[in-house]
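I opened this notebook page to record what I looked up, going from the chain interface to a helix pair and then to one residue.

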There are 2 protein chains.
Amino acid sequence: MLERYRSLAIDALLAGVPSGGPHYLYDLVSEYPRRWGKGLRAALCLAACRTFGGTLSVGLNAAVTVELFHNAFLIHDDIQDESEQRRGAETLHGEYGVGVALNVGNMTNLLALQRLAANRRALGSGIAWRLFEETQLMLRHSLEGQAIEVGWIRDNVCDLDGDDYYRMCLKKTSWYTCIYPCRTGILVATGPHDAVDVLDRYGWYLGAAFQIQDDALNLVGDFARYGKEIAGDLWEGKRTLILIDFMRRCTGDERERLVAFLRRTRAQRTAAEVRWLHGRLLAYECVESARRSARDLAAAAFREGQRALGPAAETEDGRFLLGLPEYVVERSR
Amino acid sequence: MLERYRSLAIDALLAGVPSGGPHYLYDLVSEYPRRWGKGLRAALCLAACRTFGGTLSVGLNAAVTVELFHNAFLIHDDIQDESEQRRGAETLHGEYGVGVALNVGNMTNLLALQRLAANRRALGSGIAWRLFEETQLMLRHSLEGQAIEVGWIRDNVCDLDGDDYYRMCLKKTSWYTCIYPCRTGILVATGPHDAVDVLDRYGWYLGAAFQIQDDALNLVGDFARYGKEIAGDLWEGKRTLILIDFMRRCTGDERERLVAFLRRTRAQRTAAEVRWLHGRLLAYECVESARRSARDLAAAAFREGQRALGPAAETEDGRFLLGLPEYVVERSR
């Protein structure tokens with residue numbers, strides 16, 4: 001079902017990208033969407049829409065919108081993190097330079113806004129305005145979450161705990177990956193006057209579980225399936241739950257070495273240091289510990305989803321939504 | 001009057017930036033607006049609004065919106081061009097890194113969208129939707145213009161002529177600097193059902209004249225007033241009308257040397273080469289030739305403005321609009 005919803009949204013997304021125009025623009029907007037992705041965000045949106053009485057055609061613009069915002073976010077995020085690989089191939093800025101990639105990210109955001117505006121004709125001005133407001137809120141959370149994360153790296157913040165991580169994760173991941181797709185799916189199905197927040201808690205837990213599994217795959221995944229450079233998060237100095245756990249449990253000497261490592265820029269870090277840190281994270285079982293937290297969060301998402309869906313939990317889409325928590329923590333890519 | 005309108009818009013812009021939040025976000029959104037800028041775009045919007053019967057308070061949200069988009073554009077453009085100086089100080093990414101600056105640019109765009117949405121309550125849904133549509137159109141032109149320019153640099157395109165330059169300039173500069181501010185100013189003044197394109201030709205000529213003078217100041221300006229590194233465009237390999245003119249008139253040997261220079265990345269270029277090119281542009285009087293074109297464009301903007309404004313040309317705001325063509329080509333910063 002994930003695959004079916006993903007295809008539906010990505011096909012519609014690609015069909016909506018203008019052809020022609022200057023080089024290095026619309027042709028490159030399609031680059032990341034054409035590479036394989038899970039389509040989780042589009043599927044959440046379409047399933048939420050159907051669960052609350054909408055049709056696929058009613059939800060399609062919203063599903064395409066969230067995938068476009070996601071792809072724009074990936075392009076910009078890869079530039080910010082100086083990432084090398086995305087979805088099994090070179091990042092857009094690695095291949096075409098930062099100047100081109102930043103612009104393509106901006107155009108992808110604009111195409112998302114245009115999709116959003118298309119709901120005015122399709123679903124009326126009331127729903128379209130509410131969608132626009134939901135989008136502003138989602139973008140605010142995402143950019144604030146991103147600012148928290150880049151700020152930690154810039155200031156070399158090393159005294160973080162799980163709560164700090166979860167606050168950042170709610171903003172940076174859960175909101176745009178799960179909460180926003182559910183809210184907009186519900187909104188287009190039920191109209192502008194109903195509550196759209198019934199799946200918020202489900203989405204929050206699901207997003208956190210998703211992010212932690214993503215962080216784990218970055219360290220122990222298989223590149224051929226995961227599609228990003230393994231241990232890239234360590235090269236980037238990302239404050240994952242795994243790294244935070246190690247920070248809090250390591251010896252004084254290890255901490256000193258870690259802080260010195262994190263103080264360097266990405267270019268100054270060496271493969272030997274990354275290997276050392278990678279080994280320490282495994283020796284302390286930080287990945288296993290984080291994955292236990294992810295499974296707890298997935299269980300909480302399941303319970304919250306069941307509570308929110310009520311009898312709709314038994315529909316095809318309800319079952320799909322309730323199957324996602326297990327999927328996000330067991331996936332290998 | 002430019003100064004008065006600038007202050008009005010920038011004060012409202014700064015007052016609307018949220019306080020608090022994570023570090024390296026809202027505090028940095030205010031960084032470029034706080035540095036001195038001309039405020040041309042806000043002033044065009046407010047003057048167009050008043051000339052067509054609107055009040056300053058009716059036009060203020062639109063004026064703040066265009067200044068926010070402009071500041072976001074500057075932040076991203078500086079990253080794309082690897083510029084070092086902006087408005088007399090270090091660029092945002094130079095000071096805080098690309099990760100932070102890209103995010104601050106995105107947040108500045110979001111604040112622009114929020115300002116735009118604020119018109120719904122103030123001016124009604126009809127005008128607000130039209131503003132949203134105008135904004136989508138402006139963003140499309142700007143991003144396409146930017147793609148043309150980064151594409152020329154990336155592909156080391158050297159067989160350009162004036163028409164290529166003007167097509168790029170219409171999209172990259174004129175639309176968001178002049179045409180969009182005039183259109184949105186007229187729109188909020190006259191309502192959602194009237195034509196908003198009456199100042200398009202004025203704005204197109206004005207924007208081209210503005211851009212050429214900007215390119216000239218980059219080569220012959222005074223850093224203390226101009227605020228960007230002198231000859232920065234040469235370091236960046238920017239295809240200005242000045243450079244294009246030289247490409248078409250230089251000797252075969254000079255052309256060979258120029259093409260080799262442009263083929264290098266910014267980091268590979270040397271001060272000696274930049275000095276040579278700078279000297280050649282002056283020796284061929286390419287700057288003077290481009291400034292003559294700018295003055296012709298300014299005269300055309302004046303004529304088109306006069307024609308479009310009719311009797312309103314005699315109002316205080318009409319006189320201001322008709323004074324801008326001379327201002328943009330005579331300014332020293």
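I began with the interface, where 40 residues of chain A are in contact (heavy atoms within 4.5 Å) with 40 residues of chain B. For the area, I read that the two chains bury about 3800 Å² between them, 66% of it on carbon and sulfur atoms, taking buried area as the accessible area (1.4 Å probe) that two parts lose on being put together, summed over both. Trp129(A), Leu143(A) and Arg154(A) supply 18% of what chain A buries against chain B, more than any other three residues.

I noted that this is a predicted model, in which local features need pLDDT of at least 70 and side-chain atom pairs count only at pLDDT 80 or more, while totals for chains, interfaces and linings use all residues. Residues are numbered from 1 along each chain as its sequence is written, chains are lettered from A and ligands numbered from 1 in the order in which they are written, and side-chain values use heavy atoms, with hydrogens and water left out.

Next I turned to helices H16 (residues 286-309) and H17 (residues 316-330) of chain A, whose axes come within 9 Å and cross at roughly 175°; H16(A) and H17(A) are therefore roughly antiparallel (over 145 degrees).

Definitions and conventions
Axes are lines fitted to C-alpha atoms, for helices over the stretch in contact, and angles run from 0 to 180 degrees between N-to-C directions. Helices (H or I, at least four residues) and strands (E, at least two) are DSSP runs, numbered from the N terminus. Angles under 35 degrees count as roughly parallel, over 145 as roughly antiparallel, 65 to 115 as roughly perpendicular and the rest as oblique.
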